[in-house]
Amino acid sequence: MTAHETPASSERIICISGGTSGIGAGLVAAFLDAGDRVYTCGRSPKTVAALNAHWSDAVAAGRLVALIGDVTEAAFRQQLTARLAQDAGRLDVLVNNAGVICGSGTLEESCQQWRETLETNLIAPFALTQVCAPLLDQAAAPVVINLSSACGQHPFTTCTSTSYSVAKAGLDMLTRRLALALGPRGIRVNGVAPGVVESAMWRGAEAIMHTTVAQRHVLGQQVVTAADVAAAVLFLASPQARLVTGTTLNVDAGYTLG
Ligand SMILES: NC(=O)c1ccc[n+]([C@@H]2O[C@H](COP(=O)([O-])OP(=O)(O)OC[C@H]3O[C@@H](n4cnc5c(N)ncnc54)[C@H](OP(=O)(O)O)[C@@H]3O)[C@@H](O)[C@H]2O)c1
């Protein structure tokens, strides 16, 4: 498909930050399977290349565009939205998925780790939504979905990074504030808060991951999968959720129950 070609009428234009790994990669697969056109990004050229190789048919058909870039950088956010504007002129679904954990502890984390955590998990979702809003305005049923976490809802001792928990708590409030601000424009804004999903985020912390699942996933100690999260995201992006806005849906096997 050439840059200016109009997408098939049922094809939605999807933008997913951080689609090269874990939950984001699951979201890319789910939206491609649903027949949509997906734009995504990651900082590592190697993982972007791996994603492109995995989905080479979709890339060749113009249904997957994966860019190398950092969503905490304004210049990259502009580049991404310029590409969306040029290719499609609209955006149906924005998924703010990219996230990091930079440290652990409460008094042990450095201010630099706090800044990186807040920049990626909280400020970038705001800034990307801000810059995408004019494109969302051009869609028939636009939706923003923020990837939150069970960690944002209670100071669980199993959530070892305080900056991460605070960022996700802030993201939940951002979801509600954006829903309020964008509702009159017909843009819905929701969140999905997973429990433990096995991914690169847990690299080096596998023992804590297994303990967390054993202690907090009351629903049969089952690990949440990227496909479980994608099912919730696809629901929130669908017409079935047309009056759902300002809410965060837990997909956590009961993590947040108490
Ligand atoms: N795994 C869990 O248990 C869990 C639970 C609850 C919530 N979540 C949330 O779910 C989301 C996805 O997590 P995950 O487990 O799938 O993590 P992951 O496997 O580490 O994937 C994170 C993705 O985000 C990208 N990314 C990170 N920082 C970025 C930046 N500044 N700019 C662009 N891309 C960036 C990464 O690629 P590069 O590193 O190459 O940039 C990667 O593609 C996060 O928001 C996370 O907080 C995860």
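Modeller: The discussion below takes the sheet, then the helices, then the ligand. Please keep in mind that this is a predicted model.

Colleague: How many strands form the open sheet, and in what order do they stand?

Modeller: Two strands count as paired if at least two bridges are found between them. Here the open sheet has 7 strands with parallel pairing, in the order β3-β2-β1-β4-β5-β6-β7. At the edges stand β3 (64–68) and β7 (248–251); each has a single partner strand, so one side of each lacks a neighbour in the sheet. From one strand to the next, the twist averages 15°.

Colleague: How many bridges join β1 to β2?

Modeller: Strand β1 (residues 13–17) and β2 run parallel and are joined by 5 bridges. Ile 16, for instance, has Thr 40 in β2 as its bridge partner.

Colleague: Which strands does α1 lie across?

Modeller: Helix α1 lies across β1, β2, β3, β4 (93–96), β5 (143–147) and β6 (188–194), and runs at about 165° to β2. Angles are taken between N-to-C directions, from 0 to 180 degrees. Helix α4 (residues 74–87) lies across β1, β2 and β3, also at about 165° to β2.

Colleague: Which residues are closest to the ligand?

Modeller: The ligand is surrounded by 28 residues, of which Gly 18, Gly 22, Arg 43, Ser 44 and Gly 99 are the closest. Two or more residues of this shell come from each of α1 (22–33) and β2 (37–42). The largest share, 3 residues, belongs to α1.

Colleague: How does the shell divide into nonpolar, polar and charged residues?

Modeller: The shell holds 15 polar, 11 nonpolar and 2 charged residues.

Terms used:
Residues numbered from 1 in each chain as written. Predicted model: local features only at pLDDT ≥ 70, side-chain atom pairs only at ≥ 80, totals over all residues. Near = placed C-beta within 6 Å. Helix = DSSP H or I, 4+ residues; strand = E, 2+ residues; numbered from the N terminus. Nonpolar A, V, L, I, M, F, W, Y, C, P; charged D, E, K, R; others polar. Contact = placed C-beta atoms within 7 Å.
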